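Good morning, and thank you for coming. I would like to take you through one model this morning, and I ask that you keep the sequence and the structure in view while I speak.

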Amino acid sequence: MTSPDIAAPRNNWTRAEIEALFDLPFAELVFRAASVHRAFFEPTEIQLSQLLSVKTGGCVEDCGYCSQSAHFDTGLKATKLMEPEAVVAQAARAKAGGAQRFCMGAAWRDLKDRDLPKLEAMISGVKALGLETCATLGMLEPHQAVALREAGLDYYNHNLDTAPEDYARVISTRTYQDRLDTLEHVRAAGMSVCCGGIVGMGESREARAGLLHALATLPAHPESLPVNALVPIPGTPLGMSPPLDGLEFVRTVAVARIVCPKSVVRLSAGRDGMSRELQALCFLAGANSMFIGGKLLTTALPGQDEDAQLLADLGMRPMAPAPELSPVQ
């Protein structure tokens with residue numbers, strides 16, 4: 001008999017249903033998530049992504065987890081937007097190192113039209129290498145989303161961070177609705193959505209359920225769903241947050257897989273602090289992407305050799321590219 005969880009994606013999940021998933025016995029939850037994963041993906045395949053900070057620091061936002069905020073003294077030096085040629089060269093090195101998807105991040109509250117030409121050149125140059133392209137550039141206006149898509153951007157990342165009711169504790173300079181509006185502009189422009197959140201910020205399990213409820217009840221599920229574990233940064237308001245229990249992190253991954261069954265669930269920030277065994281549990285629970293390259297914006301990731309050994313030991317291989325995103329031959 002087919003499990004009730006293995007079905008077409010739903011957008012009518014209730015908070016109570018999602019909280020009930022979190023409360024399942026661990027083995028039962030992971031089994032359900034693994035079953036859903038196998039219904040929609042090849043379980044031994046994983047997408048390898050690399051993220052480059054193309055403009056670091058000096059951000060006017062006050063996100064309580066972020067080293068790049070100008071509100072906090074974290075010792076991070078602000079930089080200007082990189083030149084497109086330098087970004088494309090980095091992307092070429094990433095591809096040579098095994099990356100299939102290249103993400104570009106800028107520490108901005110919102111994108112300014114004056115920066116569009118450089119960004120368009122970056123995106124088209126990276127796309128020409130045969131890599132999937134993704135960017136996270138803050139809030140977008142509709143015409144900016146269209147311009148990015150026309151330049152060849154496949155995905156736009158704009159995380160919800162946490163549950164709606166927990167949001168004001170984390171950030172005050174942007175509303176939840178601002179984030180939803182940008183997602184709507186991305187969809188309207190014809191791009192795929194990369195949207196997830198951060199756990200381990202001192203939130204309750206109910207807030208983690210609330211984040212996944214917000215994602216699962218979007219008009220369309222994100223094609224890409226990053227699950228970040230907070231990397232505490234000294235000098236930030238959330239820098240003293242206690243670490244999230246590893247099994248609770250796996251539960252979050254598993255519930256994300258069940259409620260957004262066709263999303264690529266991304267093991268993102270915080271992986272450098274995870275054991276090999278914890279990462280393996282995340283893959284078993286439905287994570288099928290990870291960031292590589294030794295660095296994620298300003299935080300550390302495991303090295304290339306370490307990642308290659310982990311995947312070899314687990315018998316995992318790079319994911320085949322999505323046909324609709326494959327480069328034109």
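Let me begin with a question: is Arg10 buried, exposed or partly exposed? Arg10 has a relative accessible area of 29%, so it is partly exposed. Please bear in mind throughout that this is a predicted model.

Arg10 has a charged partner. Its side chain meets that of Glu17 in a salt bridge, with a distance of 2.9 Å from N to O. Glu17 has a relative accessible area of 31% and is likewise partly exposed. In general terms, side chains of opposite charge can pair when their charged atoms come close.

How many salt bridges does a search of the whole structure find? The search finds 18.

The next pair is Lys118 and Glu83, whose side chains meet in a salt bridge at 2.7 Å, N to O. This pair links distant parts of the chain, 35 residues apart: Lys118 lies in helix 4, residues 116-128, while Glu83 lies in the loop between strand 1 (45-55) and helix 3 (84-96). Lys118 counts as partly exposed because its relative accessibility is 28%. For Glu83 the relative accessibility is 43%, so this residue also counts as partly exposed.

The other pair is Asp307 and Arg271, with the closest N and O atoms of their salt bridge 2.8 Å apart. Here too the pair links distant parts of the chain, this time 36 residues apart, with Asp307 in helix 11 (residues 304-314) and Arg271 in the loop between strand 8 and helix 10 (276-284). Asp307 and Arg271 are both buried.

I turn now to strand 7. Why is strand 7, residues 224-229, largely enclosed by the rest of the structure? The reason is that 6 of its 6 residues are buried. In a regular strand the side chains alternate between the two faces of the sheet. In strand 7 both faces are covered, with Ser224, Pro226 and Asn228 buried on one side and Leu225, Val227 and Ala229 buried on the other.

Which strands are joined to strand 7? Strand 6, residues 197-199, runs parallel to strand 7 and is joined to it by 3 bridges. Within this pairing, Ile198 has Asn228 as its bridge partner. Between strand 6 and strand 7 the chain passes through helix 8, residues 205-216, in a right-handed β-α-β crossover.

Strand 8, residues 264-267, is also parallel to strand 7, with 4 bridges joining the two. In this case Pro226 stands opposite Arg266.

The largest nonpolar core has 88 residues, of which Phe102, Leu137, Leu148, Phe249 and Val259 touch the most other members. Helix 9 contributes the most to this core, giving 8 residues. Leaving aside residues up to four places away in sequence, Leu137 touches Met104, Ala106, Trp108, Asp110, Leu111, Leu119, Leu148 and Tyr156. There is also a second, separate core of 6 residues, among them Leu51, Cys134, Cys194 and Phe291.

Thank you for your attention.

Conventions
Residues are numbered from 1 along each chain as its sequence is written. This is a predicted model: local features need pLDDT of at least 70, side-chain atom pairs count only at pLDDT 80 or more; totals for chains, interfaces and linings use all residues. Side-chain values use heavy atoms; hydrogens and water are left out. Buried means under 20% relative accessible area, exposed over 50%, partly exposed in between (1.4 Å probe, protein chains only). Two strands pair if DSSP finds at least two bridges between them. A crossover is right-handed if, with the strands pointing away from the viewer, the path from the first strand over the helix to the second runs clockwise. A salt bridge is a side-chain nitrogen of Lys or Arg within 4 Å of a carboxyl oxygen of Asp or Glu. A nonpolar core is a set of buried Ala, Val, Leu, Ile, Met, Phe, Trp, Tyr and Cys residues joined through side-chain atoms within 4.5 Å. Contact means heavy atoms within 4.5 Å.
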